[in-house]
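Please look at the sequence and the model first.

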Amino acid sequence: MQSQASADLNLLWGQLILEELSRLGVQHVCMAPGSRSTPLTLAAAAQTAIKTHVHFDERGLAFMALGLAKASGAPVAIITTSGTAVANLYPAIIEAWLTHVPLIVLSGDRPNELIDCGANQAIIQPAIFANYATQVNLPTPDINFPANGLLTTLDQAISQTGQPVHINCMYREPFYPDEVNSLSDRVKNAGVTLQKYLQPLAHWLGHKQPFSQYATRQGAQLPTQDSMLRFAHGKGVIVVGTLAPEDKPELIISLAQKLAWPIVVDAQSQLRQHPAVLGYVDQLLLSPKTSKILQQAERVLVFGGRFISKRLIQFLASQMWQSYWQVLPDASRLDPNHQSKQIWQTRIDDFCQLNWPRSSSANWGLELVKHNEAIADMLTQHIDQTSFGEAQAIRWITQQQGSNNALFIGNSLPIRLYDMYAPITAETPSIYTNRGASGIDGLIATSVGIAVNKQQPTTMIIGDISCLHDLNSLALLKQVTTPYVMIILNNDGGNIFNILPVPTEQLRNDYYRLSHGLEFGYGAAMFGLAYRQVDDLTSLAEAYNEAMEFQCASVIEVNVSPNQASDQIAQISQWIKQY
């Protein structure tokens, strides 16, 4: 009888936790199988307001949760059992912490008496994520720990952060009650002891709001009209770093037009392919002629941070700015150059819709537009109209994207090729990346989370080594019910190292490139995925257009030679330096 009461209390705590998470905005919970997390799993299974996702690999599961959270803008919960299952979440938690994505880890754990004594599957889980997650270490479910105290603990941790939270849940056996009722039925049929325990929650049970409701911060500091007039006096440039689609980056275009200042953008700005920006800033800074023009800028207005182009980062660092303003949604330090600046902590729409004046040096950078167009023509000639390769494939794929499309670009070479060479287009897709820690793990899983949440046509561009890293996540593609095309650029190894100054070719081949000689057809077949292998643009176009007609996931492997991209980058760089 006592054992049954313990199992019931374990489940009740799980249900209270999941119910409060739902009220705090959680729409998805990602779960991996395990026994110690059973009270949380059963509670999630009984939840009607939260969609559940199950995967056998905790690392991929966490990255899928990351994608779901990025796409939804809402916190996503992850449920794992004890032991190394929790440790497998670490890479995704780091990425989420660095990019301010709210993941909530619910880890089942052994009680204190089973830690550090040889008990099975028992590790020290509190603080396992160090400073990358807010810690909430719950005791084992106990009738003497107030139910309202449990809820306020969750509210305080989750309402006050936009980054990962780790809720460690210690459970004693048994875990499996005789029956699993909904929380409302459990409350209705509770005995005298549980009725008394739940009495402080009577009002909470009658509505759908969190137990503790924290007011959002109001009145972000914005520049005065006088400070804007002073800032706009002179030659300025607007620089746009990493932004989410929901940040309304298009408003920055309107602001640039008011000020009449040039606007340069990063690949992750959502504006990289927009016709009103200087999209080829990485290449413009290669040319002594255009670089000299940009160096005339006296003032800079930066939105976001985390730039891919080292040349752009160096440009920001080397200028003697008279005024440096940066607009951020929170108090992040996104400047590896550590320059003195004014940081405006506010939303982009609030900042851009102020009564901005026209600059006293309006249109000072118009000549840059001509140079940007000249580089666009040069890339058409030297990439689109030459032999097939990675840059040509990425330029063609990105030209096919519309405003209703999502494009996830993998790390290492793909995102750099996009940043350097993506074409200007009439419509731009929603761009997603994992550039907090810039790891090559979990990219497939993250893109699946985005596709599942957005329910819109999604394209994933990934390198072969990154794909091998996340091969287990091909199993997640079965959850995709909209057009999803994974483009694997297979250059037989980590050929990003071809453009890095490794001392010798022997060292490069033996320790960096990791040539593998593998193809992905059998992997796609193992997971039941449609697959095509191509090695020219005509075949790529045919396969891609066909795949986008399927309401499911497809894989296209693009075979290119190991040195094609690096040789082409070097050749184009020489032409632009002489431009």
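The paragraphs that follow take these topics in turn.

This is a predicted model, in which local features need pLDDT of at least 70 and side-chain atom pairs count only at pLDDT 80 or more, while totals for chains, interfaces and linings use all residues. Residues are numbered from 1 along each chain as its sequence is written, and side-chain values use heavy atoms, with hydrogens and water left out.

Start with the inside. A nonpolar core is a set of buried Ala, Val, Leu, Ile, Met, Phe, Trp, Tyr and Cys residues joined through side-chain atoms within 4.5 Å. Buried means under 20% relative accessible area, exposed means over 50%, and partly exposed is in between (1.4 Å probe, protein chains only). The largest nonpolar core has 91 residues, and the members that touch the most others are I238, F303, I487 and L540. Contact means heavy atoms within 4.5 Å. Neighbours within four places in sequence aside, I238 is in contact with I252, A256, L259, W261, P262, I263, V264, L301 and F303. There is also a second, separate core of 51 residues, which includes A32, L61, V105 and I450.

Next comes the surface. A patch is made of residues with over 30% relative accessible area and no salt bridge; like charges are joined within 9 Å, and nonpolar side chains (Val, Leu, Ile, Met, Phe, Trp, Tyr) within 5 Å. Accessible areas come from the Shrake-Rupley method with a 1.4 Å probe, and for residues only the protein chains shown count as cover. One nonpolar patch on the surface is formed by L507, Y511 and Y512, with about 320 Å² of accessible area together. Helices (H or I, at least four residues) and strands (E, at least two) are DSSP runs, numbered from the N terminus. Y512 belongs to helix α21, residues 505–512, and counts as partly exposed because its relative accessibility is 36%.

Now the charged pairs. A salt bridge is a side-chain nitrogen of Lys or Arg within 4 Å of a carboxyl oxygen of Asp or Glu. The whole structure holds 15 salt bridges. In one of them, the side chains of R36 and E173 meet at 3.8 Å, N to O. R36 lies in the loop between β1 (28–31) and α2 (38–46), and E173 in the loop between β6 (165–170) and α7 (183–188), so this pair ties together parts that are 137 residues apart in sequence. R36 is buried at 4% relative accessibility, whereas E173 is exposed at 58%.

Another salt bridge joins R311 and D282 at 2.9 Å, N to O. R311 is in helix α14 (residues 310–318) and D282 in helix α12 (residues 281–284), so the two tie together parts that are 29 residues apart in sequence. Here R311 is partly exposed at 30%, and D282 is buried at 5%. D335 and K341 also form a salt bridge, with their closest N and O atoms 2.5 Å apart. D335 is buried at 7%, and K341 is partly exposed at 22%. K248, R347, D349 and D350 are linked in a network of salt bridges.

Last, the cysteines. How many disulfides are there? A disulfide is a pair of cysteine sulfur atoms within 2.5 Å, and by this rule the count is zero. For C30, the nearest cysteine sulfur is that of C169, 16 Å away. C30 counts as buried, at 0% relative accessibility. The sulfur of C552 is 17 Å from the closest cysteine sulfur, in C467, which is too far for a bond. C552 is partly exposed, at 32%.
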